[in-house]
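Welcome! Take a moment to look over the protein shown here, and then let us walk through it together.

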Amino acid sequence: MTEQSRPATGAPDLTDPATDPFEVARAAAAVIAERTGAERHDVALVLGSGWGQTGDLIGETLATIDNADVPGFGKAAVAGHSGTMRSVAIGDTGRRALVYGTRTHFYEGKGVRAVVHAVRTAAAAGCSTIVLTNGCGGLNPAWAPGTPVLIRDHINLTAHSPIEGANFVDLTDLYSPRLRDIARSVDAALDEGVYVQFRGPHYETPAEVQMAKVLGGDLVGMSTTLEAIAARQAGLEVLGISLVTNLAAGISDQPLSHDEVLEAGQAAAERCGRLLAAVVASL
Ligand code: 8IG
């Protein structure tokens, strides 16, 4: 393709080592600013499995952008995820939330840069806080499907990092104790746990779930940890919230299905939406 015939957006190749991912993030942020009319956004939210409906409760959507129109972003790969991002008014505070309707998962094979691009774009768009949500399997049988759980810490089993080069980022308190306190002030019943990211896209075997338990894990999923690391590198304060959509394999005798995930999300949408809205309003 010649320089001239290349589309203006969506074109940069994050897998090319010559591409600077932070430069692409700045280009993406510029498109977002132009399309939303907002010079900056304050808080970013990534809506994972089961969280799709919750963005609406935060406030009025002022602009919706197709991911395909923003440099470095692609189409949604997961059923039930929306391939758009939205600029949402946070109540009447004058502040804006950048709400991502989907994420790129590591298992898609597009590389770690693609996985964390939304996070870097949020930072470039001016956000100081990011809320990472996901749907996951729970190891604690007391967490019925539809239970939101705060992420206290993580174990990254992908054997990858979003950070390139000799850049030793401190991950102590990666999941902000301050933001977890705020979340608990909204919903005092919230438990917290250690999130273990597997590569996926298959769910775990029961033996792998037991391994996660021995390692100190409480939640198993296929996202979030790489994004959280990139967020810390970018200076963002991170809140992680998992929605337990199923008991992890072998914890119950039920087989796992994506339909179950979507159902649990529907059922929990109201509680999760109110939680997100209240948290974002009190940041
Ligand atoms: I939703 O049980 C959802 N995502 N790895 N295991 C893993 N990812 C998940 C699960 C689960 N449920």
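Where pLDDT is low, though, the predicted coordinates should not be read in detail.

In soluble globular proteins, nonpolar side chains tend to be buried together. Here, the largest nonpolar core holds 38 residues, and those touching the most other members are Val70, Met85, Tyr100, Ile130 and Leu219. Several elements give two or more residues to this core, among them helix H1 (21-36), strand E1 (43-46), strand E4 (96-100) and helix H2 (112-124). The most comes from H2, which supplies six residues.

Setting aside neighbours within four places in sequence, its contacts include Ala44, Leu45, Val46 and Leu47, along with Phe73 and Met85. There is also a second, separate core of 25 residues, and Trp51, Ala97, Ala183 and Val279 are included in it.

Is valine 280 buried or exposed? Valine 280 counts as buried because its relative accessible area is 0%, under the 20% cut-off. You will find valine 280 in helix H6, which covers residues 258-281. Apart from neighbours within four places in sequence, valine 280 contacts Leu45, Ile58, Ile90 and Arg95. Valine 119 is 161 residues away from valine 280 along the chain, and their C-alpha atoms are 17 Å apart.

Threonine 129 belongs to strand E5, made of residues 129-138. With a relative accessible area of 7%, threonine 129 is buried too. Again leaving out neighbours within four places in sequence, threonine 129 touches Asp42, Val43, Ala44, Leu179, Leu236, Glu237 and Leu283.

Which residues make a nonpolar surface patch? Leu157, Met211 and Leu215 do, and their patch covers about 240 Å².

Leucine 215 sits in the loop between helix H4 (206-214) and strand E8 (219-221). The relative accessibility of leucine 215 is 45%, so leucine 215 is classed as partly exposed. That class lies between the buried limit of 20% and the exposed limit of 50%.

Methods
Residues are numbered from 1 along each chain as its sequence is written. This is a predicted model: local features need pLDDT of at least 70, side-chain atom pairs count only at pLDDT 80 or more; totals for chains, interfaces and linings use all residues. Side-chain values use heavy atoms; hydrogens and water are left out. Helices (H or I, at least four residues) and strands (E, at least two) are DSSP runs, numbered from the N terminus. Buried means under 20% relative accessible area, exposed over 50%, partly exposed in between (1.4 Å probe, protein chains only). Contact means heavy atoms within 4.5 Å. Patches are made of residues with over 30% relative accessible area and no salt bridge: like charges are joined within 9 Å, nonpolar side chains (Val, Leu, Ile, Met, Phe, Trp, Tyr) within 5 Å. Accessible areas come from the Shrake-Rupley method with a 1.4 Å probe; for residues, only the protein chains shown count as cover. A salt bridge is a side-chain nitrogen of Lys or Arg within 4 Å of a carboxyl oxygen of Asp or Glu. A nonpolar core is a set of buried Ala, Val, Leu, Ile, Met, Phe, Trp, Tyr and Cys residues joined through side-chain atoms within 4.5 Å.
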